[in-house]
Amino acid sequence: MSAQTVSLTGGVLVVTEDPDLVAAQLAGACDVPPRQLIREPLRDNISTDEIIPGWCCYWYDEKLGDYAYLGLRDRRFAEGDVRKFAPQVIVSGAAKGCGSSREHAVYAERYAGVEIVFARSFEKIYEQNCRNVGIITCDDFDVLEALLAGERLPLTAFVRRANGLERAIIDAGGLFAYNRRRGEAATPAVPAEWAGPRPLNRVEKIVQKRLSARNPLPDGATVHIGESYFIETDVRFSHEYVTAMAAGMFAHQFGDGAVLADAGSCYFFQDHLSLAPAVLGRRADGPQLVQRIEGLNRRQREFAQLAGGVFVGPQEAICHNYMVERVARPGQVVIGTDSHTCTAGAVGAFAFGVGATDIANAWYNREILVKVPEVIRIDLAGALRPGVCAKDLVLGLLAHPELRDGRTLGRVLLYGGPGLSGLDMDERATLANMAVEAGAITALVEPDELTARFLAGRAPAGSTPEATDTACDPGATYHAVVHIDLSTVEPMVALPGDPRNAIRLDAVTGEVRVDKVYGGSCTGGKAHDMDMYASVFALARERGAAVAPGVEAYIQVGSEAIMRYARERGYVELFEAVGARLLPPSCGACINAGPGASYTPEEITVSAQNRNFPGRSGPGQVYLASPYVVAATAIAGRLCSVEDMFNVDGAR
């Protein structure tokens, strides 16, 4: 592959639905040529957890290539087999790279030899990570056919759907290479029809107000949907999984003595792996992995001390809870090395996850590249019924006919309407948190009087600037408007394998006996979530019931503030009384790094976390549900609603 032309010089790995075909290709035993394999059903929704499991992210060097696709569901090949095959091209179906923002996934592919990734569609963070490190992405299978036919193609054939700034970064070989090209203007061309002012929605207005000085628009011009711009961030954060990798990039690109721009608005969290030794101790390689974690923690602390920034230590808070509780404000741009950075959209911030390259670059200049997205407005009316909560609403949205099947891919969800008034900040955080599970870039909740009261009452932290007015202009347009009557929302559950496997709880057939329940993570570890667990456990205690025999029940708070909240209300004693174990703040089981994770494929867990991709929380099967359903399931020993909790026959 030259700088301007591309030809097929290496292998092609086609990730089909048939795991035997994948294994046969890697073993050199597949007689079916790639041109025919791409007509087989292709694997959709390959998550970054599948491209590289969480524990493999304890490395951040070429070792990652050995781990490529080690988490692929129904995997029938060994560690290192993808790297030995060294595919130049890898092909799969829709929504490639869903889930975590971990750039380790694209580096695993790169170190395994991958230069070009074809898919029917891509998740935004994964695709941007690929471009940042010089991997070409393409969703045009006509181009793939031509490549497989032996044609030498111009690079422009692969990037014809990219905008000007995206093409420039691809042509340069990545973000850092693009930035080294001094003298090249970053300003996108502004066609005459875009030059005049127009009404802007909230997201467009934030982008417009935060434009970097290196891509100013002409007077009167507005940002345009589908075009990319560098904008200035207000808050940047990373956790221990990613800081070491990004710190290495930062030092390499900007020098060992480089410091963070506006260090007071940079945060470093040790929240993901603080309880991991409890899980890793059961593995044969556990001591080695614990040493890797200690190295990640040490590197992060050293970097924060040398470069500046706010360090948040182990078991203080999950990064997303901390951002909502103490930092983010309406109208701000918040980026973090975690896909659930979108949680800060609860207060009206434009918050989204990024990879290691993007955060390293933003540490230096505060800038992040943003393609102006289309916005889907979700208007809420009415009120949720007792026993139904925001988790049910958002799981229902994943299955909504106007939002499912990729309709939200690369777009932003904007929640508004009179129904918002009945949802507290924690419930709004749940709505924002799970935008990425729908394929959206992020979600924002329109700030209102409740937002103002929340901001007035929370503890100050950091040196974040005041928010600006970003209310939607009259006449602002949206890609779509979806109307939701909250009174019609039913208890929901997502079947194992993908959060988008969401169905009504009463549609689950047969009895689902459980081994573990987990009420925690950034989605299920907030103060209002504690209220919901406690309401069910109090009912159980009144009836003399407790956690069912043989079931392990874990409740995990998202921050020290939430732990204090639980103690003040007597929840700690209540949880202990019914047999649920209370855990300190950490991402824990959600990332297979704490109590509540599964150890065998046969284990079944019902969890209040946000995603259940294969291997995400261990080898077992994970159902996603609301805090109400999680607590009821703990008491009954089977997946059930609160109303069904004491039904000994388990009949629905």
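Me: What volume does the largest cavity have?
Reply: About 210 Å³. A cavity here is a set of points on a 1 Å grid, over the protein atoms alone, where a 1.4 Å probe fits but cannot get out. Points are joined across faces, edges and corners, and the volume is the space filled by probe spheres set on them.

Me: What sort of model is this?
Reply: It is a predicted model, in which local features need pLDDT of at least 70, side-chain atom pairs need 80 or more, and totals for chains, interfaces and linings use all residues. Residues are numbered from 1 along each chain, and side-chain values use heavy atoms, with hydrogens and water left out.

Me: Back to that cavity. How many residues line it, and which lie nearest the centre?
Reply: The lining has 23 residues. H239, H272, D338, I591 and R616 lie nearest the centre. Lining means having an atom within 4 Å of a point.

Me: Which helices supply at least two lining residues each?
Reply: α12 (240–254) and α20 (521–524) do. Helices are DSSP runs of H or I with at least four residues, strands are E runs of at least two, and both are numbered from the N terminus.

Me: How does that lining divide into nonpolar, polar and charged?
Reply: Eight are nonpolar, eleven polar and four charged. Asp, Glu, Lys and Arg count as charged; Ala, Val, Leu, Ile, Met, Phe, Trp, Tyr, Cys and Pro as nonpolar; the others, Gly among them, as polar.

Me: Where is the place of S101, and is S101 buried or exposed?
Reply: S101 is in the loop between β3 and α5 (104–111). S101 is buried, at 1% relative accessibility. Buried means under 20% relative accessible area, exposed over 50%, and partly exposed in between, using a 1.4 Å probe and protein chains only.

Me: What does the side chain of S101 reach?
Reply: The backbone nitrogen of D338, at 3.2 Å. The S101 side chain also reaches the backbone oxygen of V354, at 3.4 Å. Polar contacts are N or O pairs within 3.5 Å; within protein, one atom must be able to donate a hydrogen and the other to accept it, and sequence neighbours count only if both atoms are side-chain atoms.

Me: How far is S101 from T48?
Reply: Their C-alpha atoms are separated by 7.6 Å. Along the chain, S101 and T48 are 53 residues apart.

Me: New topic: helix α9. Which of its residues are buried?
Reply: L165, E166, I169, I170 and A172. These residues sit on the same side of α9 because they cover an arc of only 165° around the axis. The arc is taken from the directions from the helix axis to the C-beta atoms.

Me: What about the ends of α9? Which residue caps the N-terminal end?
Reply: N163 does. A side-chain oxygen of N163 lies 3.2 Å from the backbone nitrogen of L165. After α9 comes G173, with a positive phi near 100°.

Me: Which non-glycine has a positive phi of about 60°?
Reply: D74. D74 is in the loop between α3 (48–51) and α4 (81–85). D74 counts as exposed, at 52% relative accessibility. A86 is not a glycine either, and its phi is positive at about 55°. A86 lies in the loop between α4 and β3 (87–91). At 36%, A86 counts as partly exposed.

Me: How many residues of helix α15 are buried?
Reply: Eight of the nine, so α15 (residues 319–327) is largely enclosed by the rest of the structure. Among the buried ones are H320, Y322 and E325.

Me: Last one: D379. Where is D379 found, and which side chain does it join?
Reply: D379 is in strand β14 (residues 375–381). A polar contact of 2.9 Å joins the side chains of D379 and R377. D379 counts as buried, at 18% relative accessibility.

Technical notes
1 Å grid on protein atoms, 1.4 Å probe; cavity = no way out; pocket = protein on both sides within 12 Å on 5 of 7 lines; lining within 4 Å.
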